[in-house]
Amino acid sequence: MNQIEDIAATDPKRVRILDGAMKVFLAYGFTRTTMDDIARAADMSRPALYLLFKNKTDIFRAIAMMILSRSVEAAKIALSGDGPFTERMMRAIDEAFISMMGAVVASPHGAELLDMKSSLGDLVGCWRGGLGQHIGAAIEGEAARNGVDLAARGLSAQLLADMLLDGLEGMKARIRDPEGQRQAAAALIRVIDLTLKAR
């Protein structure tokens with residue numbers, strides 16, 4: 001994932017295209033957006049746009065890859081910061097999971113854009129893997145700090161990380177309101193925190 005983000009960061013034309021395309025997708029939805037719309041939003045000609053991207057699906061995937069990569073990096077930074085485990089974990093989940101989708105959910109075409117998640121399965125899988133790795137490392141670190149042997153409890157840091165991510169996925173399907181999502185995420189994190197306490 002970082003490869004696309006690095007390319008976007010070093011190529012001002014790609015950045016302009018992805019920024020413009022994101023605005024157009026949010027305003028018109030994926031189906032109604034044309035390559036002409038994206039070219040206009042990026043202030044470039046359509047032929048110049050085709051030199052960098054073969055179609056709007058290619059552009060949509062590049063946007064998704066950039067957003068997902070940034071969210072994993074934001075979670076990594078939050079988890080390695082200062083403060084209690086629950087606060088660091090909540091910051092990470094909020095930045096990588098809840099706030100990340102705020103603009104999409106709030107747009108008139110958010111539902112259509114979110115439905116396209118199935119076409120991004122490989123990217124979402126990489127995102128979840130990266131996020132799970134950082135969350136698992138934070139859980140493992142907290143267990144070590146607390147002197148808790150997770151294996152003796154029939155658990156592992158990665159299992160707890162996967163359980164948290166599964167719970168968050170289910171929560172998103174049931175709770176649409178970001179504040180409600182934050183409350184549910186905080187409850188999941190408290191359960192994991194209790195597991196990491198010495199008895």
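Which residues of the largest nonpolar core touch the most other members? In this predicted model, local features require pLDDT of at least 70 and side-chain atom pairs pLDDT 80 or more, while totals for chains, interfaces and linings use all residues. Residues are numbered from 1 along each chain as its sequence is written, and side-chain values use heavy atoms, without hydrogens or water.

The core (buried Ala, Val, Leu, Ile, Met, Phe, Trp, Tyr and Cys residues joined through side-chain atoms within 4.5 Å; buried means under 20% relative accessible area, with a 1.4 Å probe and protein chains only) holds 62 residues, and the most other members are touched by Phe 25, Leu 49, Ile 59, Met 89, Ile 93, Ile 135 and Ile 139. Helices (DSSP runs of H or I, at least four residues, numbered from the N terminus) that each supply at least two core residues include α2 (12-32), α9 (121-146) and α10 (157-174). Helix α5 gives the most, twelve residues. Leaving aside residues up to four places away in sequence, Ile 93 touches Ile 98, Ile 135, Leu 164, Leu 168, Ala 185 and Ile 189 (heavy atoms within 4.5 Å).

The axes (lines fitted to C-alpha atoms over the stretch in contact, with angles from 0 to 180 degrees between N-to-C directions) of α5 (residues 56-79) and α6 (residues 85-98) come within 8 Å and cross at roughly 170 degrees. The two helices are therefore roughly antiparallel (over 145 degrees). Ser 71, Ala 74, Ala 75, Ala 78 and Leu 79 of α5 meet Arg 88, Met 89, Arg 91, Ala 92, Glu 95 and Ala 96 of α6.

Gly 130 lies in helix α9 and counts as buried because its relative accessibility is 15%. Its C-alpha atom is 9.0 Å from that of Glu 73, 57 residues apart along the chain.

How values were computed:
Angles under 35 degrees count as roughly parallel, over 145 as roughly antiparallel, 65 to 115 as roughly perpendicular and the rest as oblique. Buried means under 20% relative accessible area, exposed over 50%, partly exposed in between (1.4 Å probe, protein chains only).
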